[in-house]
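Work through the exercises below with the sequence and the structure in view. Each task is followed by a solution in steps.

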Amino acid sequence: MIEDISSRGLALVGVAAIAAGLLGMAVVQSNRASTAADGMGAHVHMTGADAGEGATARPTTTVKPLSCEKLPNVTGHSITTALVEFPPNAYTPRHRHPGSVTAFVIKGALRSQMEGGPAVTYTQGQTWFEAPGAIHSFAENASATEPAELLAIFVAEDDCGPLTIPLPN
């Protein structure tokens, strides 16, 4: 049983690492405006903590799912890739994800903080990892004038359902 769990864990890490490298470059070079006929081109908007009312509202983050594929070697799991766009000054409030997440900064600079840890600024080419169910305190564009983007790779159960679960502050 221990060997089986260890093999699955290694398979998930390997798939995420390979996907991050290959898909990161593919997304940068591809036409990001294209949408798949299967609906993966849908947009998900994350509302900022102070977004919504008045002139002081911060812009929202847009999540564009790119693909979701079942993992043939890890029964019951799938891998989803998504492009996350942060307009200048954009903010994503406290949330968690249903599975593991690897984030790869494609352009710009993003500040991110996992619950219990320090806020860290990540720049183009840098990555971070979020364990299943970990609380992501916030993510924001570090610039008030330049957009930022990241490629997020989610490994979760097969349903390809919601990628982000908002939490109360």
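**Exercise 1.** What percentage of the 169 residues of the protein count as buried?

Solution. This is a predicted model, in which local features need pLDDT of at least 70, side-chain atom pairs count only at pLDDT 80 or more, and totals for chains, interfaces and linings use all residues. Residues are numbered from 1 along each chain as its sequence is written, and side-chain values use heavy atoms, with hydrogens and water left out. Buried means under 20% relative accessible area (1.4 Å probe, protein chains only). By that cut-off, 37% of the 169 residues are buried.

**Exercise 2.** State which helices and strands the protein has, and their order.

Solution. Helices (H or I, at least four residues) and strands (E, at least two) are DSSP runs, numbered from the N terminus. The protein has one helix and 12 strands.

**Exercise 3.** Find the share of contacts that join residues at least 24 apart.

Solution. A contact means heavy atoms within 4.5 Å. Take the contacts between residues at least 6 apart in sequence; 68% of these join residues at least 24 apart.

**Exercise 4.** Which elements give two or more residues to the lining of the largest pocket?

Solution. Eighteen residues line this pocket, and Pro98, Gly99, Val155, Ala156 and Glu157 lie nearest its centre. (On a 1 Å grid over the protein atoms alone, a pocket is an open set of points where a 1.4 Å probe fits, with protein on both sides within 12 Å along at least five of seven lines; lining residues have an atom within 4 Å of a point.) The elements are strand S3 (77-86) and strand S11 (148-157). S11 gives the largest share, four residues.

Terms used
Buried < 20%, exposed > 50% of the residue type's maximum accessible area, 1.4 Å probe, protein only.
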